Each structure stands twice: as C-alpha cells, then as structure tokens.
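Q: Could you show me how to read strand pairing, burial and salt bridges when the sequence and the structure lie side by side?

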Amino acid sequence: MLAERATVKYGKAGDIVLSVVIVHYNTLELSRGCLLSLKRFVSQPCEVFLVDNASTDGSGETLAQEFPWMELIRLEAPSGFGAANNRAAARARGRYLLFLNSDTELLDNCLEDLLAFMEAHGECVMCTPRLERRDGSLDHSCRRSFPSPEVALFKMLGLNRLFPGHKRFARYDLRFLDERACYEVEAISGAFMLTRRTALEHPAAPFDEDYFFYGEDLDFCFREKQRGGAIWYLGTSTVKHYKGGSTNKREAWVIKQFHLTMRTFYDKHYRRQYAFPVTWFVYLGIYLRLVYSLLRNVFLPAKVKEA
C-alpha cells in the first residue's frame, strides 16, 4: 500500500487491487510529481512499476531510491511505448491495471471514484477521467472516436475545430459533448488508462508492439470494443496532464512516427473493408499531412526542454 491510511475495499484481505505502470525516460521531475501524487491519493492495496526506458541521466535509479515502495524495471535499450508497458503488465498482479504517463498528476481522490465505477459496472473494461492540460483546458485526446476514413478526413481538414458542435464533423475528439459529464466512448488515451485484468487475456495484449510510439492505445481500445467491452470517459474526475511542454514544436522523427502509426492502424483495422481507390486516397492524405506537418514544425519556436 502506498499510504498508511490504506484499507482493503475490494476482494479479500491482502489482495492487490491495483497495479500502476509508468514508463519513464529522462523526466525526473515529471515522474517524481506523478509518484508523489500516487503516494498521496492512492489508498488501495497497490503495486507500482516504473519502467525506465533506457534513460541516460540516471533518473530511474534516483527515483528508485526516493520511492522504495515502487519496483524499477530497467530497460537496457530503448523500447517502444507499448512494449515497455507490456514488460510491466506481465508482472502485474492487481485486479485492475492503470497505465499512467509520467507527465500526469492525480489532483484528488479521483482514482477511488474510477475504481468504484468499474466495480459497479461490470461491462466497463476501461475508463479514464478528464485530462486537463497546463492551462486548465481539456486534453482532447482523452476521449475519441476511431479514425475511420471519414472521421479522419474531417479531422485532417480541421472541421472538428471549425465546427466543434457538429456531431459528424467533430466526431473524432467529441468536442460537441460536455467535458464534465460521463459517457461511453470508443477510445481513450494511454496517458491514463484504467483497465480490468481481463483485458490482458487475449493475443497482443495489452499493447500491440507493431506500434512503436503513438497508436498503441487506440489499437488496444479497438480490440476491446470488438470483444464487446464498454469504454467510459468520466468527466466528473480530473487528472493533470503536462503534455506538450511550452510549445507545439516536436522532433521530426516524432512527427513521422505519428503518421506512420496512422497508416499501421488503417492497415490493421480498415483496409480490408474498403476498395483500393479509398485506400489510395487514405495513404495520399496521410503523406500529404506528414509533409505539411514537417514544414509547419520548422517555423514553430524551439521547444523548451522539460526537467
């Protein structure tokens, strides 16, 4: 247990209710803040895994000394985000697994509310709270629809931003829905993904390692929905997500990987449903957007490095 006040509320005495998995890479201060928030607000019997994805600054060992109640898994070579999560998930013993980004912080006892919701709704296989960015705005990636060709087209054209109240144009990030309400969605973000242990009981679980960076959370949700599970967004609870740093500038390889992920997801889940001309236009759209994103990125201000 992380806190002395912890009490057993689920299962038998001594059962581990929750396994938390955090992937860490050279983000000492962010990971420290995340772990401190866990220590403060988690009161269930819990185990925490910090997967150090071959950090080069010794921060993994520093955190292991500061937080001896967590288990450090040190990867000698950089691994994909999904693969790193899978390493810890294979050791997890909890009835629930929380996949948590190192750049998140619990603000209150929201995790207790999410666990209670899962206990009361057996059909819910995973859920997430409202993720709040630095400026207090919603991180729109925390509740999404699957990027079918139509949904992806409207997003790529920016129609979701131009018509945020339109149920068709804004379907990808559901801007027309109340961000403080609770409802079922198609997909949530891997930044905060509370899942049942049963979600690990099928191939490529929990994360498909064909995705190196980006898209593995979307793929996980897609497979769970195919199995008939319900995925919920609980906007009545909030977690801080310090994503993006102080600018939107990203390294070129990150932009390329994001767009390659879009193609991988389409090939795995949609290509067989559509005739070749549709697939050709999808590929064309992905690569045109890649070129545009790379060019746009050149003119953005330099990103300030985070601790």
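A few features are taken up in turn below.

A: The model is predicted, so local features need pLDDT of at least 70 and side-chain atom pairs count only at pLDDT 80 or more, while totals for chains, interfaces and linings use all residues. Residues are numbered from 1 along each chain as its sequence is written, and side-chain values use heavy atoms, with hydrogens and water left out.

Q: How many residues of strand β6 are buried?

A: Buried means under 20% relative accessible area, exposed over 50%, and partly exposed in between, with a 1.4 Å probe and protein chains only. Strands (E, at least two residues) and helices (H or I, at least four) are DSSP runs numbered from the N terminus. In β6, residues 124–132, nine of the nine residues are buried, so the strand is largely enclosed by the rest of the structure.

Q: Which strand pairs with β6 in the parallel sense?

A: Two strands pair if DSSP finds at least two bridges between them. Strand β9 (residues 230–241) runs parallel to β6 over eight bridges, with C124 opposite A230, whereas β8 (residues 192–196) pairs with β6 in the antiparallel sense over two bridges.

Q: What does D208 meet in a salt bridge?

A: Side chains of opposite charge can pair when their charged atoms come close. The criterion is a side-chain nitrogen of Lys or Arg within 4 Å of a carboxyl oxygen of Asp or Glu. D208 meets K268 at 3.0 Å, N to O; D208 lies in the loop between β8 and α7 and K268 in helix α8, so the pair ties together parts 60 residues apart in sequence.
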